[in-house]
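Subject: The structure, and some notes on it

Hello,

Here is the structure I promised to pass on. My notes follow below it, and I hope they are handy when you open the model.

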Amino acid sequence: ASVVCSELTAQDCRSLLLYVESTVLHRERGIHLASVDPNTLDQEERRRRRINANHVFIDFRCALNMAFGDGHIASNAAWRHVKVFKRVKRKRVDILTWHQAKRMVEIADPEIRRLILAALYTGCRLTEIFDMKVGDLEQSRAAIYVAPLKTYCGRTIALPDEGYEFFKA
């Protein structure tokens, strides 16, 4: 449905979010849209659809803000307070099991096996591991200092005995 920008309502903007979440673009034999009930989707698929809906709405809102700023629309009240879907870009919660971690180390090429072990012992990012120095190993406490990175503060990570011996070697 067509709506003149100056006649947009907050409900129109919310409806756009819900429409994009519940619409699938099919590309086989031409392009066409199909509706899906978001409540029937698994949690991960629904999360991905909501991310997509947020992106579409944010681009739409940006265009409306430009038109408002240029004086083409009298008020931005219709979209100013419309909230996008929350908690859709959450961190992954998958954690390797002991068996998976052991298997990953066993099948890794010898060149990267030590890197994988360092990451498993510390939980550090690769750039943090690359920045580690010999002096970062705290021998008196079986711990390793991780230098500040990006917006993160430096921190000290306690190592298990096996991890301490790994870094000591």
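To begin with a helix: how far apart should the ends of helix 1 (residues 10-21) be, at 1.5 Å a residue? Its 12 residues should span 16 Å, and the end C-alpha atoms are 17 Å apart, which agrees. The expected span here is 1.5 Å times one less than the number of residues in the helix. Helices (H or I, at least four residues) and strands (E, at least two) are DSSP runs, numbered from the N terminus.

Before I go on, a word on the ground rules. This is a predicted model, in which local features need pLDDT of at least 70 and side-chain atom pairs count only at pLDDT 80 or more, while totals for chains, interfaces and linings use all residues. Residues are numbered from 1 along each chain as its sequence is written, and side-chain values use heavy atoms, with hydrogens and water left out.

**Helix 1**

The buried residues of helix 1 are C13, L17, V20 and E21. They cover an arc of only 115° around the axis, which places them on the same side of helix 1. That arc is taken from the directions that run from the helix axis to the C-beta atoms. Buried means under 20% relative accessible area, exposed means over 50%, and partly exposed is in between (1.4 Å probe, protein chains only).

**Salt bridges**

The structure holds 10 salt bridges. I count one when a side-chain nitrogen of Lys or Arg is within 4 Å of a carboxyl oxygen of Asp or Glu. Side chains of opposite charge can pair when their charged atoms come close.

R47 pairs with E44, with the closest N and O atoms 2.7 Å apart. R47 is buried, at 18% relative accessible area, whereas E44 is partly exposed at 33%. R48 pairs with E45, and here the closest N and O atoms are 2.6 Å apart. R48 has a relative accessibility of 44% and E45 one of 21%, and R48 counts as partly exposed, as does E45. A network of salt bridges links E44, E45, R47, R48 and R49.

In helix 4, E106 and R103 are three residues apart, about one turn of the helix. Their side chains meet in a salt bridge at 3.9 Å, N to O. E106 is partly exposed at 48%, and R103 is partly exposed at 44%.

An α-helix has 3.6 residues a turn, so residues three or four places apart point the same way.

The largest pocket has a volume of about 470 Å³. It is lined by 13 residues, of which L96, W98, A101, L120 and Y121 lie nearest its centre. Helix 4 (98-107) and helix 5 (110-122) are the elements that give two or more residues to this lining, and helix 4 gives the most, with four. The lining has nine nonpolar, one polar and three charged residues.

The second largest pocket holds about 360 Å³ of space. Among its 14 lining residues, R114, K133, V134, F166 and F167 are the closest to its centre. Helix 5 and helix 7 (161-168) each supply at least two residues of this lining. By class, the lining has 10 nonpolar, one polar and three charged residues.

A pocket is an open set of points on a 1 Å grid over the protein atoms alone, where a 1.4 Å probe fits, with protein on both sides within 12 Å along at least five of seven lines; lining residues have an atom within 4 Å of a point. Grid points are joined across faces, edges and corners, and the volume is the space filled by probe spheres set on them. Ala, Val, Leu, Ile, Met, Phe, Trp, Tyr, Cys and Pro count as nonpolar, Asp, Glu, Lys and Arg as charged, and the others, Gly among them, as polar.

**Two backbone angles**

Most residues other than glycine have a negative phi. R87 has a positive phi, near 55°, and is in the loop between helix 3 (77-80) and helix 4. R87 is exposed, at 72% relative accessible area. A142 has a positive phi near 50°, and its place is in the loop between strand 3 (137-138) and strand 4 (143-146).

Best wishes
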